[in-house]
Amino acid sequence: VLRGMGQPFEVIYVDDGSTDNTKQVLEGFKDTRITYMYRENGGPSAARNTALSIVRGEWISYLDSDNELSPNYLEVMLDWIQKYPHTLYSRPRMKKTLELVEQNQIVKSVDVTDEDYPDEMTLKDIFMRKVRFDGNGFMHSRRIVEESFRFDEALNCMEEWDLVMRIGERHPDSFDVCDGR
């Protein structure tokens, strides 16, 4: 979760009932920008909505625990949004990497070209499911939260696609795909 362009960021980590050492790892950072919240397992939509209930940032982004963002993700996305001020919500051009893991070690890693992320993509392509919408790296303005958009907790799949469809119905001309150029 970001606190405005050019401002410090905050990270809200909602632990959705994990049984590992997540809490101890995060507490080890000793960083006041990190907020850790534990909740009984309710699924990804409930966890994200929990974070949205306390968010203070102007720009909000999502990342699941089994994914990662490029080191310059925040800079690229915020620069893009600054260049295109009509943007209320955006997603980055993505790269897909397949990893083979054996005994907790990555033994092979392959970057793949994925038809899910073509050079040209529109909101209509997402609506019509011509491309897959992945919420990792999805970024939106605080205005989206203020307009009471939330993830549908009744859905146990495609909740990210559902959210972007509902936002798109209200704001069809405010979506962009950040290509980092």
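Predicted model: local features only at pLDDT ≥ 70, side-chain atom pairs only at ≥ 80, totals over all residues.
Which residues in H3 are buried?

**View 1. The buried side of helix H3.** In H3, which spans residues 73–83, the buried residues are Tyr73, Met77, Leu78, Trp80 and Ile81. These residues lie on the same side of H3, because the arc that they cover around the axis is only 155 degrees. Glu75 and Gln82, which are exposed, sit on the face of H3 that is turned away from the buried side. The cover over the buried residues of H3 includes the strands E3, E4 (89–92), E7 (139–141) and E8 (175–178).

**View 2. The largest pocket and its lining.** The largest pocket holds about 1,000 Å³ of space, and 35 residues line it, with Ile12, Tyr13, Tyr62, Leu63 and Asp64 lying nearest its centre. Strand E1 (11–16), helix H2 (44–52), strand E3 (59–61) and helix H3 each contribute at least two residues to this lining, and E1 provides the largest share, with six residues. Sorted by class, the lining of the largest pocket consists of 22 nonpolar, six polar and seven charged residues.

**View 3. The second largest pocket.** The space in the second largest pocket comes to about 810 Å³. Its lining is made up of 25 residues, and Glu68, Leu69, Met94, Lys95 and Lys96 are the closest to its centre. Two or more residues of this lining come from each of H3 and strand E5 (96–102), and the largest share, four residues, belongs to E5. In this lining nine residues are nonpolar, seven are polar and nine are charged.

**View 4. The stacked rings of Tyr62 and Phe138.** The count of aromatic pairs in the model is six. In one of them, the rings of Tyr62 and Phe138 have centres 6.2 Å apart and planes at 15 degrees, so this pair is stacked, planes under 30 degrees apart being counted in that way. Tyr62 belongs to the loop between E3 and H3, whereas Phe138 belongs to the loop between helix H4 (123–127) and E7, and the two are 76 residues apart.

**View 5. The tilted rings of Tyr89 and Phe175.** Tyr89 and Phe175 form a tilted aromatic pair, with 5.3 Å from centre to centre and 45 degrees between the planes. Because Tyr89 lies in strand E4 and Phe175 in strand E8, the pair ties together parts that are 86 residues apart in sequence. Tyr89 and Phe175 are both buried.

Note on methods. Residues numbered from 1 in each chain as written. Heavy atoms only, no water. 1 Å grid on protein atoms, 1.4 Å probe; cavity = no way out; pocket = protein on both sides within 12 Å on 5 of 7 lines; lining within 4 Å. Points joined across faces, edges and corners; volume = space filled by probe spheres on them. Nonpolar A, V, L, I, M, F, W, Y, C, P; charged D, E, K, R; others polar. Buried < 20%, exposed > 50% of the residue type's maximum accessible area, 1.4 Å probe, protein only. Arc of directions from axis to C-beta. Contact = heavy atoms within 4.5 Å. Phe/Tyr/Trp six-rings, centres within 6.5 Å; stacked < 30°, edge-to-face > 60°.
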